[in-house]
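Q: Could you walk me through one part of this model in close detail, and then show me how that part sits within the whole?

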Amino acid sequence: MDNQERPIPDQQTLISEWMKMANQLWAKSGSGPAGPSSEEDAPPKKENARVLQDAFLSTIKSFTAISTALSEPSAVDAVFRGTATLPDITSNFLQSGMQAFLTLQHQAFEKVNSLNERSEPYSFDNLDQETLQSWSNIYKKEIRRYFNIPQLGLNRYHQERVNNALDKYNLFSSCLAEFLQLIQMPFEKTNKMMHEKIETLTKKGNLPADSREYYRMWVKTLEGHFMTLFQSSEYNETFSNTLAALEDYLGARNDIIQDMLQTYPIPTNKEMDDLYKEVYLLKKKVRKLEKANGKG
Amino acid sequence: MDKPVIPVDLIMKHLAQEAENAHVRAKKASDILLSNLDTEIASTPYDVVYEEDRVKLKHYSPTRTSPDDMKTPLLVVYALINRETMLDLQPERSVVKSFQESGINLYMVDWGYPTGKDKFLTIDDHVNGYMDNIVDFILKREKVEQINLMGICMGGTFSIIYAALHPQKIKNLVTTVCPTNFDTDQGLLHIWLKWMDPDKVINTFGNMPGDLMNLGFLLLNPARLMIDKYVGFLENMDNKAFVENFIRMEKWIFDSPDIPGETFRQFVRDCYQKNLLIQSKLMVGGRRVDLRDIKMPLLNIYAQYDHLVPPGAAEKITSVVGSKDTENVCLDTGHIGIYVSSKTQKEFAPKIIRWLRERDDRYEPAHQISQNRRKSTRIRSTSSMKKKSSSTKRAEEMSHAGKRKLFLNILQGEQGIRDHS
């Protein structure tokens, strides 16, 4: 019954109590272990251990001070106010992901609807790249900006380099996926055509008995589809974009390697390039002089 | 009884037969693949007579000597893509051997393997540097005033640039599968390279990686080059000679040195994208390459089914040079087949040998050349080795009989009539 009569503590009181208890616990542990406590008693060879212990005690004291300050009702209230804004941040953060998901779902539905449409042989006019294209767009519009958040502090420069490399890698992966999808399309179309051809031959009763004949038909059709694809502007654009994205990624990756190499006592690529160029120009000058003097 | 719509019995019978054949073939193939295979390439002996940086000059001495031998040495300049070993892939299909046996004093440039330090080398360094030094070396060594120059693919483009900038050193010029007109959509390479940003490629890679080039070449026809080729290998791997030749070709095709960055950048930018060479607007080493300065005889051989240098990219050169003695020859084969197929072995090297020999008799000191050229008769024929004209056949017979002068007169006369009509 007593329990029923006792007032139910509110959230702030509970947190405050918990903080106090935690402070006491850390304060006890911060008072040091039993045993030799004075410096005279400690063996001199354990100097390093003593330094570590001091650092630990100092950290504990700082923590206790901060916890004590936080256990004040006004501070606990501020913490709660801060926590209340968390759902907003999380919601903003997730919003992009959700939007991306919905866009993808929409694309998927459209793709399912278009499955019944007939694929024209030797034609790559209406390339079905929407799904990958939406991935790419989502990345470029929504996700990419997180890699461009300005970095701060001592590591700002290096962190930006790493973020840039990650961004370029993602862009390259997206382009490569589009390119690979294009490359597999002739196979898809060829298989479809082969089914149709076999159906026609079956109806006519002209099915070849030699299995190599099917292979020859298949490879010839495949070649035709590849040739048509390779001449399309879509392919050329995708190929060119993939190559450019690969170059961007390799460039960004090389920048990081370059930075890392600078900390080692070995020359970087840039330094070697400068040297190569100098040697190249010198050699050219020497040969010109040799020719002018008739020694060449 | 009616014929069944689906001949299931026949199909099953064939399948059973093929399965049995495949089993026998696999057994024999494993014996072959485990045996000692002769897959050596470039086995014809040579001497390295000149070296500069990574570049070497190979010398193949003629294997026979006769009064009929050509006086003028021949320098072959290969492309920077892949290696010159293609001309000597296997003993019985070796252009090098054919030249040697015909008494040609043969020199060949080996461009070597460019490394990072070569990335700044330009077309000027290759043409006015290495090539010019090599030509000077041969002139001095052979004590002659001129040499014959033969360029292959990109090496042909270099040879044309060289012949335009140093015409006094070249007696006869032969170009084979050589791209000169880049404003064509006949080959995929010409389409693709127009989309490429060479600056970005070179800023990233330094030199153009050979493996990346190879990937691009394979993508020109993946159905044939990445699937059908290996299906063909599987079907013939019980044939030792086939396996050996296949491996030789594989060795050559994937032996791809990188291309020096600046050279690649200029070649793509100025040739493939701006098509400056054929318009005589290309600048090399601060000089304009004026094709009208090519006044020596020019033999231009290309291939009908070349997917890298299609006829549209190769045939135009003879109509823009200053020479009055030019000939286009289109062979019924592809870019590589022109050098290695057994069929063209009987046509390609013999045609070059004959053509050079016909012009070797005309050897004259350099100071007389410009004087006499003005008098020369215009010979311009677009012939195909596939369909030999009666005049060509007659010329071959007479050539063997040592009646070259008579032949030339007849040919010039016939050609004159054809041009006139």
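This is a predicted model: local features need pLDDT of at least 70, side-chain atom pairs count only at pLDDT 80 or more; totals for chains, interfaces and linings use all residues.

Let's start with B:Gln100, which is found in helix H2 (residues 95-101) of chain B. Is B:Gln100 buried or exposed? Its relative accessibility is 5%, so B:Gln100 counts as buried, the cut-off for that label being under 20%. If we set aside the neighbours within four places in sequence, B:Gln100 is in contact with B:Thr44, B:Pro45, B:Tyr60, B:Ser61, B:Pro62, B:Thr63 and B:Arg64.

Next to it in the numbering is B:Phe99, with a contact list of its own. Again leaving out neighbours within four places in sequence, B:Phe99 touches B:Leu74, B:Ile104, B:Leu106, B:Met150, B:Ala349, B:Ile352 and B:Ile353. B:Phe99 also belongs to the largest nonpolar core, which has 125 residues. Together with A:Tyr235, B:Leu75 and B:Tyr339, B:Phe99 is among the residues with the most contacts inside that core. Apart from this core lies another, of 6 residues, including B:Ala29, B:Ile32, B:Phe233 and B:Val243.

Now let's step back to chain B as a whole. Its secondary structure comes to 18 helices and 11 strands, and buried residues make up 57% of its 421 residues. Among contacts in chain B with a separation of 6 or more, 80% join residues 24 or more positions apart. The accessible surface of chain B is about 18200 Å², with 54% of it on carbon and sulfur atoms.

Another helix of chain B is worth a look. Helix H10 (residues 261-273) has 10 of its 13 residues buried, so it is largely enclosed by the rest of the structure. Among the buried residues of H10(B) are B:Phe264, B:Arg265, B:Phe267, B:Asp270 and B:Tyr272. The buried residues of H10(B) pack against helix H3 (123-142), helix H4 (154-165), helix H5 (188-195), helix H6 (198-205), helix H7 (210-219) and strand S7 (283-284) of chain B. Just after H10(B), B:Asn275 has a positive phi of about 50 degrees.

Finally, the partner chain. The contact between the chains takes 44 residues from chain A and 44 residues from chain B. The two chains bury about 3500 Å² between them, 62% of it on carbon and sulfur atoms. On the chain A side, A:Ala209, A:Glu247 and A:Tyr280 lose the most area to chain B, together 16% of what that side buries. Across this interface there are 9 salt bridges and 15 residue pairs in polar contact. One salt bridge joins the side chains of B:Asp132 and A:Lys291, at 3.1 Å from N to O. Helix H6 (156-204), helix H7 (211-230), helix H8 (233-261) and helix H9 (269-292) of chain A each supply at least two residues of the side that touches chain B. Of that side, H8(A) gives the most, with 14 residues.

One last stop in chain A is A:Ile149, in the loop between helix H5 (130-147) and H6 of chain A. A:Ile149 counts as partly exposed because its relative accessibility is 44%. From A:Ile149 to A:Asn163 is 14 residues in sequence and 9.0 Å in space, C-alpha to C-alpha.

Methods:
Residues are numbered from 1 along each chain as its sequence is written. Chains are lettered from A and ligands numbered from 1 in the order in which they are written. Side-chain values use heavy atoms; hydrogens and water are left out. Helices (H or I, at least four residues) and strands (E, at least two) are DSSP runs, numbered from the N terminus. Buried means under 20% relative accessible area, exposed over 50%, partly exposed in between (1.4 Å probe, protein chains only). Contact means heavy atoms within 4.5 Å. Accessible areas come from the Shrake-Rupley method with a 1.4 Å probe; for residues, only the protein chains shown count as cover. A nonpolar core is a set of buried Ala, Val, Leu, Ile, Met, Phe, Trp, Tyr and Cys residues joined through side-chain atoms within 4.5 Å. Buried area is the accessible area (1.4 Å probe) that two parts lose on being put together, summed over both. A salt bridge is a side-chain nitrogen of Lys or Arg within 4 Å of a carboxyl oxygen of Asp or Glu. A polar contact is a pair of N or O atoms within 3.5 Å; within protein, one must be able to donate a hydrogen and the other to accept it, and residues adjacent in sequence count only if both atoms are side-chain atoms.
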